[in-house]
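This report covers the overall fold and then one group of aromatic side chains.

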Amino acid sequence: MTRAAERYRGGDPAAGIETRHAFSFAGFYDPDNVRFGPLTACNEERLAPGAGFPAHPHRDVEIVSWVLSGELTHEDEDGTATVVRPGDLQRLTAGAGVRHVERNAGPEPLRFLQMWLIPAEPGGEPAYEVVRGIGDDVPYALPRTPAVLRVRRLRDGERAAVGGGRLAYLHLASGAVELSGVGPPVALTAGDAARLTGGGEPVVRAAGGAELLLWELSDRPS
């Protein structure tokens, strides 16, 4: 279990960038928390209006972004800009190498999740995709990583099975739920995450409306 308040705080607050890390990242290193299956980062980024990350490189990683509030502007190497809003899923497959810019070009503060996954094989051509208004519980499979993402939106009192007997990572994007079926019931609130290793029959029950991101992963935690 990773509580929102337990995440490592990074970023550059003086530049309008605040980051909450769930895994070892940048200046924070924990040898027991490097990755979970292919998932190696789950960062909550908070950008003030006008703040952002200038052109920077990536390689051999798939980066999935989910906007919680505000608007994320993504610019690729040829200057093409794409605006990503709540409900949209953005995926950048870095392949053998790519550079991009991410910034808050809007008037409101931006909060988004950015999740990094290690592909099964290195190299290949970079690729970029935005899925507008992804549906509830619609599986989104990454092209080069044994991982599937599902977005679950639950009404008050609604229950949903999670994990399905496989390695899974659950991040609560908003609202509150109770997780049961893998030990004593535990309450999760926005920003909390649970790592499910395939045992039991995990179920969440919403306490009010809730939105959660569920990664279904095929290999074992490292």
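What percentage of the 222 residues of the protein count as buried?

## Basis and burial

The model is predicted: local features need pLDDT of at least 70, side-chain atom pairs count only at pLDDT 80 or more, and totals for chains, interfaces and linings use all residues. Residues are numbered from 1 along each chain as its sequence is written, and side-chain values use heavy atoms, with hydrogens and water left out.

Of the 222 residues, 47% count as buried, where buried means under 20% relative accessible area, exposed over 50% and partly exposed in between (1.4 Å probe, protein chains only).

## Fold and dimensions

The protein has 20 strands and 0 helices; these are DSSP runs numbered from the N terminus, with strands (E) of at least two residues and helices (H or I) of at least four. The C-alpha atoms fill a box of roughly 50 × 40 × 35 Å along the principal axes.

Among contacts (heavy atoms within 4.5 Å) between residues at least 6 apart in sequence, 72% join residues at least 24 apart.

## Aromatic cluster

Rings of Phe, Tyr and Trp (its six-membered ring) pair if their centres lie within 6.5 Å; planes under 30 degrees apart count as stacked, over 60 as edge-to-face and the rest as tilted. The count comes to 4 aromatic pairs. One of them joins F23 and Y169, tilted, at 5.8 Å centre to centre and 35° between the planes. F23 sits in the loop between β2 (17-21) and β3 (39-47), and Y169 in strand β15 (residues 167-174), 146 residues apart.

The rings of F36 and Y169 have centres 6.4 Å apart and planes at 50°, so this pair is also tilted. F23, F36 and Y169 form one aromatic cluster. F36 counts as buried at 5% relative accessibility, and Y169 at 0%.
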